[in-house]
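Please read the points below with the coordinates open.

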Amino acid sequence: MRHLQTILVSILALSLLIGGNMASSSTLVLMSGVEGRLVSASGEPVANMRLVRTWHWAWTDTRGQDEKMIDAQGRFHFPPVTGRSISARFIPHEPDILQKITAQAASGPVNIWSARKSNYRENSELQGQPLHILCGLNKLPGSGSNGLFNSLCIPNPDG
């Protein structure tokens, strides 16, 4: 009987080791990459403004931030934000990742993108479509809030 217990413990330890290595090498997408353009109320590109992107991953209580400068044509690009967690791969849960992008305008910060992500899939913020967005410092037609999003952005397939 003792021999059987040793074998079972060894199999369990090996399974956890192999499974843990597989899980830790798997990337969890906390926020998909974003490409976009920022425009003024008149539709003109907003140039040389600083954008701040923040995220909070509730599972590990991880917070992060990065910044980008908008180019002369109002364009910006943020790479994907990824995380790793062995427990997130094995324990059933619904992810909760708060995402925000704020434009640092002369009049003060303007929240142009705010969303809650509830899975780890790439591009799930827009139901599988890449995050190519057109954002305004004021509300654009079709932008607003739908429960998951509070946005001054609309999908922009042209990037």
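Which residue in β4 does L51 stand opposite? L51 faces K68 in β4. The model is predicted, and the points below are grouped by topic.

**Sheet**
- Four strands form an open sheet in the order β4-β3-β7-β8, with antiparallel pairing.
- Strands β4 and β8 (108-117) are at the edges with a single partner strand each, so one side of each has no neighbour in the sheet.
- From one strand to the next, the twist averages 15°.
- The pairing of β3 (residues 50-57) with β4 is antiparallel and runs over 8 bridges.

**D66**
- D66 lies in strand β4, which spans residues 62-69.
- The side chains of D66 and R53 are joined by a polar contact of 2.6 Å.
- With neighbours within four places in sequence left aside, D66 contacts L51, V52, R53, W55 and F78.

**Disulfide**
- The model has 1 disulfide, and it links C135 with C153 at an S to S distance of 2.1 Å.
- The two cysteines sit in distant parts of the chain, 18 residues apart, with C135 in strand β9 (residues 131-136) and C153 in strand β12 (residues 153-155).
- The link of C135 and C153 is right-handed, with 100° about the S-S bond.
- C135 counts as buried because its relative accessibility is 1%, where the cut-off for buried is under 20%.
- C153 has a relative accessible area of 8%, so C153 is buried by that cut-off too.

Note on methods: Residues numbered from 1 in each chain as written. Predicted model: local features only at pLDDT ≥ 70, side-chain atom pairs only at ≥ 80, totals over all residues. Heavy atoms only, no water. Polar contact = N/O pair within 3.5 Å; in protein donor to acceptor, adjacent residues only side chain to side chain. Contact = heavy atoms within 4.5 Å. Disulfide = S-S within 2.5 Å. Buried < 20%, exposed > 50% of the residue type's maximum accessible area, 1.4 Å probe, protein only. Pairing = 2+ DSSP bridges. Axes fitted to C-alpha atoms, helices over the stretch in contact; angles between N-to-C directions.
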